[in-house]
Amino acid sequence: MNLRRLLKVLRVASVAASFGLLLSCAVSRPPVEPEPVSIQRGPVSQPQTVAMLGATGMAGGYLLREALARGYEVRALARTPDKLAELRDRLTIVQGDARDPLVIQELLQGADVVISALGPVKADGDAARFVNSVVTANILREMEGRSISQYMIVSGAAVVMPGDRRNLLGWWMRKLVQLSLWDTLKDKQSEYELLAASSANWMLVRCPLIDPEPYRSGPQVSLETPPAFHLRAGELARFMVDQIEARQYLRQAPFLGSE
């Protein structure tokens with residue numbers, strides 16, 4: 001393979017992997033074969049209400065169904081409520097744009113936990129470049145004075161924070177994103193900086209490529225480096241909803257990966 005062809009292959013791989021690493025949770029398509037909401041995993045120890053953003057996306061759809069299956073009350077934000085029509089009787093739908101502070105104010109009414117799988121949507125154009133930092137700033141402001149126990153966010157494996165000790169896989173993931181989605185990475189990095197500077201209890205889950213697949217086994221978890229290049233959406237959802245009560249990673253940013 002000559003040098004020109006090698007560079008072309010690397011460039012294509014870079015773009016494809018970058019979009020998966022940072023944008024997979026924002027894809028507006030239904031989950032593939034998620035477990036039905038009727039499956040109950042046992043009652044929660046105490047009634048709690050979850051405010052959810054990004055529920056119409058792929059990873060968000062798995063999160064929504066997992067929370068409902070556990071018996072949580074859910075308030076889901078949607079710009080297009082019809083995308084949640086099949087679950088309309090199981091949750092409260094708040095219509096609006098997460099970048100609007102008044103919409104966030106309405107969404108968080110009565111919420112105990114906030115979960116976000118929000119990401120940039122291509123149709124939003126330039127406005128999508130700052131969506132995560134703008135929305136997180138809105139949420140952190142609105143959390144002040146409310147009894148919200150956690151703010152949990154699906155993020156990307158390219159985001160860095162103190163304590164990281166990336167292996168070769170982790171280093172390569174970050175380089176791929178830096179090459180092709182620098183603006184998106186800056187936005188997600190800014191989101192982390194907002195969280196770190198706040199007094200809120202947060203958890204940032206750093207994900208590699210998210211596959212639209214159901215749960216098979218517990219994900220690998222690391223606080224230092226991405227443990228794998230792929231993560232099943234069902235395993236992400238089970239892990240995050242577990243953390244509503246487990247609270248093992250407050251003010252931390254675990255990497256997840258699937259075996």
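Okay, a term to start with: a residue is buried if its relative accessible area is under 20%, exposed if over 50%, and partly exposed in between, using a 1.4 Å probe and protein chains only. By that rule F239, at 8% relative accessibility, counts as buried.

Before I go on, what you see is a predicted model, where local features need pLDDT of at least 70, side-chain atom pairs count only at pLDDT 80 or more, and totals for chains, interfaces and linings use all residues. Numbering runs from 1 along each chain as its sequence is written, and side-chain values use heavy atoms, with hydrogens and water left out.

Rings of Phe, Tyr and Trp (for Trp, the six-membered ring) pair if their centres lie within 6.5 Å; planes under 30 degrees apart are called stacked, over 60 edge-to-face, and the rest tilted. In one of them, Y192 and W202 sit edge-to-face, 6.0 Å centre to centre with 80° between the planes. Y192 comes from helix α6 (residues 182-197) and W202 from strand β6 (residues 202-207), so this pair ties together parts ten residues apart in sequence. A quick word on those labels: helices (H or I, at least four residues) and strands (E, at least two) are DSSP runs, numbered from the N terminus. Y192 and W202 are both buried.

Back to F239, which pairs with Y249: the ring centres are 5.8 Å apart and the planes are at 45°, so this one is tilted. F239 belongs to helix α7 (residues 233-246), while Y249 is in the loop between α7 and β10 (255-257), ten residues apart. Y249 is buried too, at a relative accessible area of 16%.

Rings also have charges over them here. The rule is NZ of Lys or CZ of Arg within 6 Å of the ring centre and within 35 degrees of the ring normal. R206 has its charged end over the ring of F255, 3.7 Å from the centre. And R238 lies over the face of Y215, with 3.7 Å to the ring centre.

Now the salt bridges. Side chains of opposite charge can pair when their charged atoms come close. The cut-off is a side-chain nitrogen of Lys or Arg within 4 Å of a carboxyl oxygen of Asp or Glu, and the count comes to 14. Buried or exposed: which are R70 and E66? Both are buried, and they form a salt bridge with closest N and O atoms 2.8 Å apart. D97 and R99 make another, at 2.6 Å between the closest N and O atoms. D97 has 23% relative accessibility, so it counts as partly exposed, and R99 is partly exposed with 24%. Shared partners also join E66, R70, R238 and D242 into one salt-bridge network.

Last topic, helix packing. Axes are lines fitted to C-alpha atoms, for helices over the stretch in contact, with angles from 0 to 180 degrees between N-to-C directions. Helix α4 (residues 131-143) and α6 have axes that come within 7 Å and cross at roughly 20°. That makes α4 roughly parallel to α6, since under 35 degrees is roughly parallel, over 145 roughly antiparallel, 65 to 115 roughly perpendicular, and the rest oblique. And α6 is the helix that carries Y192.
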